[in-house]
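Here are my notes for when you open the model, written as numbered points. Please keep the structure in view and follow along residue by residue.

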Amino acid sequence: MAQPRLWVVVAVFLSSLSGTALAEKKPFTADDLWAVQRVASPALSPDGTLVVYTITTFDVEENRGNGDLWIVPLAGGRPRRLTSNKASD
């Protein structure tokens, strides 16, 4: 039962990203693509109250990505960053 709620959270998050992209009136470039933070690997906590996921950012000059772990309550609230290493977690 908690699994569908996870996808609702992910869908709302992705919708908010697409609304921001639609507000701009310019072509989408490769640089824009590299600037987008990528959300992946959502996992529900055993008690069904939290979701942990990765957000990956990219550094074009260094030619690498860095994924950090974030956590957010399913009932609502601010996401909280769990890791901030220079290498992916």
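1. Strand β1 (residues 38-44) runs antiparallel to β2, and the two pair over 5 bridges. Strands here, like helices, are DSSP runs numbered from the N terminus, with at least two residues (E) for a strand and at least four (H or I) for a helix. Two strands are said to pair if DSSP finds at least two bridges between them. L44 sits opposite V51 of β2. The hairpin leaves 5 residues between β1 and β2, and G48 in that turn has a positive phi of about 75°.

2. A word on where this comes from. This is a predicted model, in which local features need pLDDT of at least 70 and side-chain atom pairs count only at pLDDT 80 or more, while totals for chains, interfaces and linings use all residues. Residues are numbered from 1 along each chain as its sequence is written, and side-chain values use heavy atoms, with hydrogens and water left out.

3. Now step back to the whole sheet. It is open and made of 4 strands in the order β1-β2-β3-β4, with antiparallel pairing. The edge strands, β1 and β4, each pair on one side only. As background, strands of a sheet pair through backbone hydrogen bonds, either parallel or antiparallel. At the β4 end, β3 and β4 pair in the antiparallel sense over 2 bridges, and I71 has R80 in β4 as its bridge partner.

4. Which residues make up the largest nonpolar core? There are 5 residues in all: V51, Y53, I55, V72 and L74. Of the elements, β2 gives the most to this core, with 3 residues. The term covers buried Ala, Val, Leu, Ile, Met, Phe, Trp, Tyr and Cys residues joined through side-chain atoms within 4.5 Å. Buried means under 20% relative accessible area, exposed over 50%, and partly exposed in between (1.4 Å probe, protein chains only).

5. Y53 deserves a click of its own. Leaving aside residues up to four places away in sequence, Y53 touches V39, A40, S41, P42, D68, L69, W70, I71, V72 and P79. A contact here is heavy atoms within 4.5 Å.

6. How many salt bridges does a search of the whole structure find? The search finds 3, each defined as a side-chain nitrogen of Lys or Arg within 4 Å of a carboxyl oxygen of Asp or Glu. In general, side chains of opposite charge can pair when their charged atoms come close. One of these bridges joins D68 and R81, at 2.6 Å from N to O. This pair links distant parts of the chain, with D68 in strand β3 and R81 in strand β4 (residues 80-81), 13 residues apart. D68 is buried, at a relative accessible area of 3%, whereas R81 is partly exposed at 45%.

7. Here are the other two bridges. D32 pairs with K26, their closest N and O atoms being 3.2 Å apart. D32 counts as buried because its relative accessibility is 19%, while K26 is partly exposed at 47%. R64 and E62 also meet through their side chains, at 3.2 Å from N to O. R64 counts as partly exposed at 35%, and E62 as exposed at 52%.

8. The structure holds 1 aromatic pair. Rings of Phe, Tyr and Trp (its six-membered ring) pair if their centres lie within 6.5 Å; planes under 30 degrees apart count as stacked, over 60 as edge-to-face and the rest as tilted. Because W34 lies in helix α2 (residues 30-35) and F58 in strand β2 (residues 50-59), the pair ties together parts that are 24 residues apart in sequence.

9. Finally, please check two backbone angles. Most residues other than glycine have a negative phi. S41 has a positive phi of about 55° although it is not a glycine; S41 lies in strand β1 and counts as exposed at 55%. N63 likewise has a positive phi of about 55° without being a glycine. N63 is found in the loop between β2 and β3 and is exposed, with a relative accessible area of 71%.
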